[in-house]
Amino acid sequence: MKEKEDLRIRKTKATLLSSLSVLLKKKTFDKITITDICKQAKINRSTFYEHYNEKEDLLKDLIKEATKDLETHLVLTKEYSSQKEN
């Protein structure tokens, strides 16, 4: 059974994901550095490396979250549409 992540870990990861998302609106992924991400998130580089090995791992998590959000939106939209038809 998978252990639940500590609230502090979830908050740190959410901050990192949000920071990467903000930076992606300003420049391309290959131009973003881990230092940029840490500055945006207001965390130390060592904290970044406690959670991720490289920025690509953070990007993978960002894509997973976006996919999950999209799936949820599509399910809710489908449920709403079918309720509206009835």
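Predicted model: local features only at pLDDT ≥ 70, side-chain atom pairs only at ≥ 80, totals over all residues.
Some conventions to start. Local features need pLDDT of at least 70 and side-chain atom pairs count only at pLDDT 80 or more, while totals for chains, interfaces and linings use all residues. Residues are numbered from 1 along each chain as its sequence is written, and side-chain values use heavy atoms, with hydrogens and water left out.

The helices, then. Helices here are DSSP runs of H or I, at least four residues, numbered from the N terminus. Helix 1, residues 7-24, packs against helix 2, residues 34-41, at about 115°, and their axes are 9 Å apart. Axes are lines fitted to C-alpha atoms over the stretch in contact, and angles run from 0 to 180 degrees between N-to-C directions. That makes the two helices roughly perpendicular, a class that covers 65 to 115 degrees.

Which residues meet? From helix 1, T15, L16, S19, L20, V22 and L23; from helix 2, D36, I37, Q40 and A41. Contact means heavy atoms within 4.5 Å. Six of these residues are nonpolar, three polar and one charged.

Now the rings. Rings of Phe, Tyr and Trp (its six-membered ring) pair if their centres lie within 6.5 Å; planes under 30 degrees apart are stacked, over 60 edge-to-face, the rest tilted. The count is two pairs. F48 and Y49 are edge-to-face, at 5.3 Å between centres and 85° between planes. F48 and Y52 are tilted, at 5.8 Å and 40°.

Buried or exposed? Buried is under 20% relative accessible area, exposed over 50%, partly exposed in between (1.4 Å probe, protein chains only). F48 is buried at 0%, Y52 is buried at 4%, and Y49 is partly exposed at 38%.

Methods:
Parallel < 35°, antiparallel > 145°, perpendicular 65-115°, else oblique. Nonpolar A, V, L, I, M, F, W, Y, C, P; charged D, E, K, R; others polar.
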